[in-house]
Amino acid sequence: MVAARRIPTYFSHSYRREDRDVNEFFWRAFDAQGFGFTVDPQSAGALSTCHLEMTMRRSACFVGVVTLRRDQSAFKCSPFIVYEYGLAARAIKPLLVFVEKGVPGYHFPNVQERFVFDRDELDTYGGFEQPIRQLALKAQGYSSAGDQLVGEVGLAVPDTPAYRAAKPLITQTLAKFGYAVKEVDVAFKDQAKIPLQLDPLDFVVIDIGGQEPLDRLFHLLLGRSIPTLNVIHHDPAGGPRPGVPDLVVGETLRQATFEQDSVLWWNSPGEFAARLEQQLERFDLPRQQFRNLDEGIGYIRSTGRTDGKIFLSTAGPDDALSREVGRALKLQNFTFFHYVYNNTIPRGSKWQDRLEQQLAASQVFAPLVSQAYWRSEWCRRELATARRLSDQGRLTIIPYFLDGSSEELIPEQGADISDLTEAERVALIVQDMDGFFTGQITPDYSGT
């Protein structure tokens with residue numbers, strides 16, 4: 001029996017820790033109806049509006065969960081979600097938005113696609129099932145929307161010495177990622193040929209510096225929801241960068257990010273090629289779509305955390321507990337090392353050297369301490385190395401005592417979990433790790 005394909009859905013959501021329970025509630029509801037949410041993970045890198053537009057174009061529908069932000073003036077929600085909602089509307093995608101009470105309704109004007117919720121009463125909203133099923137009926141015929149071959153990229157730039165010098169490198173860089181380059185004819189003497197020329201393109205590299213007829217072309221691309229990689233040639237010797245045209249960035253994007261980030265600025269051909277390659281590397285990544293319930297929950301629970309690594313230190317007799325802890329950490333997308341269940345040390349490596357490298361790359365050392373722990377020479381070595389790194393301010397030690405027999409041997413404040421069930425032990429450890437990396441709890445683990 002062939003399993004039904006999940007509906008590839010662009011999911012717009014808050015990255016804040018306090019909104020995770022809300023996001024998880026809606027993910028569970030949509031998962032039950034066969035949706036597969038695609039997310040654009042929060043990144044410290046520059047914004048790529050072209051990547052967002054390509055992802056939207058290759059999605060069957062759009063779902064937004066809009067949470068209230070009292071600290072966001074005027075919008076009272078994430079302006080970036082408002083921007084993504086606009087992308088979906090422009091692409092004429094079937095869409096559904098769930099908006100927390102208190103958010104201005106005019107951001108999401110279509111009342112047929114908009115439902116209001118109270119986060120404190122989510123479990124009482126049985127009526128959400130019907131609109132979710134209706135969206136599934138509208139979108140399930142487009143489950144193959146993301147099945148795209150690499151195609152052609154349009155090139156729409158002015159005929160200037162700078163661009164003539166850069167074109168060979170632009171073409172070469174695009175070809176490196178499998179794209180063919182097609183010069184866009186901006187004359188458009190026959191309006192019937194506009195969609196024939198533009199619609200098949202994966203995206204268009206276009207200079208949006210305000211020159212005609214490129215300015216007119218940008219309006220056409222915008223109207224047909226064709227992704228654009230917006231570029232501007234700028235020589236710093238000629239003065240500061242000009243402002244980005246209003247139609248390119250818009251008020252919502254200005255509120256959500258630095259407006260200059262939405263443009264690939266360049267001076268030399270080499271700079272253009274390097275920045276273009278950074279964009280293409282992002283396009284080349286596999287679509288990040290939740291394939292099952294646990295995968296989606298793991299992603300949602302990871303939002304709001306800083307990056308960091310956990311070194312889970314246990315003795316052999318306690319490996320059953322460490323296996324369950326490791327499984328729970330994986331489900332919530334933590335990065336961690338364990339000598340059995342998540343061992344990234346290559347075979348044939350010198351164990352001691354690599355072990356110290358793993359410890360040096362970690363932010364938290366979590367020993368599961370028992371009598372067996374003290375009988376293990378390797379556990380003692382790990383703890384000694386961790387203490388040295390802790391004394392240097394490079395590592396935090398958070399111990400968990402399994403039998404209450406050795407708390408006095410470790411000066412760091414930890415947790416006695418000897419009287420807890422295995423499930424309770426796992427939940428407490430994962431909760432502590434989450435609190436540490438979100439900055440929500442900062443217990444005194446540096447000593448008593």
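Helix α3 (residues 79–90) lies across β1, β3 and β4, and runs at about 160 degrees to β3. Helices (H or I, at least four residues) and strands (E, at least two) are DSSP runs, numbered from the N terminus. The angles come from lines fitted to C-alpha atoms, for helices over the stretch in contact, and run from 0 to 180 degrees between N-to-C directions.

Two ground rules before you start. This is a predicted model, in which local features need pLDDT of at least 70 and side-chain atom pairs count only at pLDDT 80 or more, while totals for chains, interfaces and linings use all residues. Residues are numbered from 1 along each chain as its sequence is written, and side-chain values use heavy atoms, with hydrogens and water left out.

**Exercise 1. Find where pLDDT stays under 50 over residues of the model.**

Step 1: Start with the whole protein. pLDDT is the predictor's confidence in each residue, from 0 to 100. Its mean here is 86, and 91% of the residues reach 70 or more.

Step 2: Look for the stretches under 50. One covers residues 342–350, for which the model has 15 contacts beyond four places in sequence. Another covers residues 443–448, with 13 such contacts. A contact means heavy atoms within 4.5 Å.

**Exercise 2. Work out the strand order of the five-stranded open sheet and the sense of its pairing.**

Step 1: Trace the order. The five strands run β2-β1-β3-β4-β5, and the pairing is parallel. Two strands pair if DSSP finds at least two bridges between them.

Step 2: Look at the edges. β2 (35–38) and β5 (114–117) each have a single partner strand, so one side of each is left without a neighbour in the sheet. From one strand to the next, the twist averages 25 degrees.

Step 3: Pick out partners. Phe-11 has Val-63 in β3 as its bridge partner, Val-63 is in turn partnered by Leu-96 in β4, and Val-97 stands opposite Arg-114 in β5.

**Exercise 3. Which residues does Arg-20 touch beyond four places in sequence?**

Step 1: Locate Arg-20. The residue is found in helix α1 (residues 20–31). Is Arg-20 buried or exposed? Its relative accessible area is 3%, so Arg-20 counts as buried.

Step 2: List the neighbours. They are Ile-300, Arg-301, Ser-302, Thr-303, Arg-305, Asp-434 and Thr-438.

Step 3: The side chain of Arg-20 comes to 2.3 Å from the backbone oxygen of Arg-301.

**Exercise 4. Look up the backbone at Pro-213, Ala-74 and Ile-92.**

Step 1: A cis peptide bond joins Glu-212 and Pro-213, with omega about 0 degrees. Pro-213 is in the loop between β8 (203–207) and α7 (214–223).

Step 2: Ala-74, in the loop between β3 and α3, has phi near 65 degrees, a positive value in a residue other than glycine. Its relative accessible area of 52% makes Ala-74 exposed.

Step 3: Ile-92, in the loop between α3 and β4, has a positive phi near 55 degrees. At 74% relative accessibility, Ile-92 counts as exposed.

**Exercise 5. How many disulfides does the structure hold?**

Step 1: Apply the criterion. A disulfide is a pair of cysteine sulfur atoms within 2.5 Å.

Step 2: Count. The structure holds zero.

Step 3: Cys-50 is buried at 1% relative accessible area, and Cys-379 is buried at 2%.

How values were computed
Buried means under 20% relative accessible area, exposed over 50%, partly exposed in between (1.4 Å probe, protein chains only). A polar contact is a pair of N or O atoms within 3.5 Å; within protein, one must be able to donate a hydrogen and the other to accept it, and residues adjacent in sequence count only if both atoms are side-chain atoms.
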